[in-house]
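This briefing is for a reader meeting the structure for the first time. Please look over the sequence and the model below before going on.

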Amino acid sequence: MSHPAPNQRAELMRNPNFKWLLRGGVISMLGDQLTMVALPWLVLKLTGDTMALGLVIALMSIPRAAFMLIGGAVVDQYSPKRVLMLSKYANAILLGLLALLVLRQQSVITLALGSSLQLSLELTPHITLMLIYALALGLGLAQAFGVPSGTSIMPQSIPAEYLQAANGVLMGLRQLSMLLGPVLAAVLLAVFGASGNSGSHGIAGAGSSGIGSMGSAGMPDAHGLAAAFALDSLSFIVSAWTLSRVTTRSGAGHAAGASALSVWHSIGAGLLMVWRDVPLRLCFIYWGTVSLFIGGSMQVALPVLASDVLHGASALGLLLAANGAGTLLGMGAAAAIGARLRLVSFGAMILLMDALAGVLVMGLGAAYNAWLAGALLLLLGVLSGYVQINVFTWIQRRVPPQMMGRAMSIFMFIFMGLAPISAAATGWLLKLISLSQLFVGGGIILVTFAALAYLFTPIGSITANTPDAAQAP
């Protein structure tokens with residue numbers, strides 16, 4: 001893969017549209033990481049139920065996946081800027097509501113009137129598990145349209161010759177946000193969480209006839225969680241404003257009067273294209289199988305590891321930050337090395353990396369301190385980042401440009417649609433087995449799947465070369 005010339009990078013950074021997209025993207029990415037830490041922690045603090053955590057993750061992920069293909073087709077028919085703007089406003093409203101509800105959770109207010117009269121008022125909980133389920137469902141639905149519109153707006157905003165450099169910058173920044181965002185979330189929970197742990201907060205009033213005191217008691221970490229959700233809500237508002245500064249070119253396929261039939265036909269054409277490309281079909285089926293069985297388990301297992309074994313919200317931030325740092329390093333290594341040092345085929349490399357990842361996941365079963373767990377997740381991130389760059393590059397080279405949006409929607413659907421099933425199952429499994437057994441079993445499954453795919457399918461012989469047939473529309 002050729003690298004953009006330095007003067008091309010400089011020209012890209014001077015492009016007004018890219019600068020606005022870059023600013024909004026960085027702000028939104030950091031906000032997303034706050035919610036990724038705060039939402040699981042909220043569920044665990046509110047319920048202590050791993051099954052509830054798995055269900056929340058599933059409810060946020062299933063609508064995102066179920067509508068992902070529709071979202072990609074809708075974006076092809078309408079303006080990606082308009083769809084992305086609406087999704088940002090929807091996310092801002094939902095997260096703002098969540099922040100307000102968390103702040104008012106289980107409030108107890110005591111009013112002292114004069115010298116002898118006291119009135120105690122206990123408010124019912126303003127946030128329940130059902131409310132969290134509903135908000136998670138809404139967030140997932142908004143993301144179903146936000147993700148494909150976000151990946152589609154770049155080609156309509158900057159010249160085609162800058163796309164490779166622009167995608168590289170944004171992908172790297174996304175991984176950097178996975179390093180910084182969890183750290184910021186951990187700081188918020190550590191700094192503001194103490195105020196949520198206290199039993200009361202006094203406000204002294206003046207005068208014998210006025211309100212003499214006011215006290216409140218709330219859930220642990222309530223203020224830190226509310227701050228995280230509020231900042232994420234604000235990030236969507238600010239990124240929506242930066243998006244409004246972007247000017248896009250009208251695409252030929254963006255017809256305001258596009259029918260539902262054309263949307264479904266577009267989805268069908270994308271699925272047919274993937275099915276006819278045998279290497280693409282084999283890889284998608286393999287990734288789908290892995291995602292179905294263990295793809296979402298880490299989303300449940302890591303918060304439980306931080307809560308039950310490492311005992312702290314800051315530990316969860318450390319684990320996610322370590323994984324984000326490793327992913328960034330892996331992506332950097334993939335960009336620097338390319339295919340020059342590849343000793344095996346593309347398919348064999350994917351399976352080998354999965355097998356190594358399985359061994360590291362097994363090691364998490366014996367990780368009883370944050371630094372050991374963080375080191376293992378750092379290495380897992382390196383493998384993940386290296387594979388991501390190679391997989392995305394392989395798909396981009398293999399799929400015809402006019403089918404790229406739908407192909408990437410199908411690819412994202414595999415992980416966002418099937419992983420929630422394993423997340424929900426993980427919450428249930430943790431009622432039956434220990435966390436250590438879960439990590440060891442998950443690692444064994446990943447190693448087994450990689451070995452079976454290498455021995456009994458042609459995936460190991462798939463190369464990075466692109467056949468001419470794959471470029472046919």
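Is P400 buried or exposed? P400 is buried, because its relative accessible area is 1%, which falls under the 20% cut-off for a buried residue. The model is a predicted one. The points below start with the chain as a whole and then turn to single places in it.

**Overall make-up**
- The chain has 473 residues, and 47% of them are buried.
- Its secondary structure consists of 16 helices and two strands.
- Of the contacts between residues at least 6 apart in sequence, 84% link residues at least 24 apart.

**The loop with P400**
- P400 sits in the loop that runs between helix 14 and helix 15.
- Along the chain, P400 and M273 are 127 residues apart, while 9.6 Å separates their C-alpha atoms.

**The salt bridge**
- One salt bridge is present in the structure.
- Its partners are R398 and D277, whose side chains meet at 2.9 Å, N to O.
- R398 belongs to helix 14 (residues 370-398) and D277 to the loop between helix 9 (260-276) and helix 10 (278-295), so the pair ties together parts that lie 121 residues apart in sequence.
- R398 and D277 are both buried.

**The cavity**
- Searching the whole structure turns up one cavity of 30 Å³ or more.
- The volume of the largest cavity is about 40 Å³.
- Its lining is made by L69, G72, A73, I267, R406, S409 and I410.
- Helix 4 (68-77) and helix 15 (404-429) each contribute at least two residues to the lining of the largest cavity.
- By type, that lining holds four nonpolar residues, two polar ones and one charged.

**Helix 11**
- Helix 11 covers residues 297-309, 13 residues in total.
- From the first C-alpha to the last, helix 11 reaches 17 Å, which is close to the 18 Å expected at 1.5 Å a residue.
- The buried residues of helix 11 are S297, V300, A301, L302, P303, V304, L305, A306 and S307.
- As a general point, an α-helix has 3.6 residues a turn, so residues three or four places apart point the same way.

Methods. Residues are numbered from 1 along each chain as its sequence is written. This is a predicted model: local features need pLDDT of at least 70, side-chain atom pairs count only at pLDDT 80 or more; totals for chains, interfaces and linings use all residues. Side-chain values use heavy atoms; hydrogens and water are left out. A salt bridge is a side-chain nitrogen of Lys or Arg within 4 Å of a carboxyl oxygen of Asp or Glu. Helices (H or I, at least four residues) and strands (E, at least two) are DSSP runs, numbered from the N terminus. Buried means under 20% relative accessible area, exposed over 50%, partly exposed in between (1.4 Å probe, protein chains only). The expected span of a helix is 1.5 Å times one less than its number of residues. On a 1 Å grid over the protein atoms alone, a cavity is a set of points where a 1.4 Å probe fits but cannot get out, and a pocket is an open set with protein on both sides within 12 Å along at least five of seven lines; lining residues have an atom within 4 Å of a point. Grid points are joined across faces, edges and corners, and a volume is the space filled by probe spheres set on the points. Ala, Val, Leu, Ile, Met, Phe, Trp, Tyr, Cys and Pro count as nonpolar, Asp, Glu, Lys and Arg as charged, and the others, Gly among them, as polar. Contact means heavy atoms within 4.5 Å.
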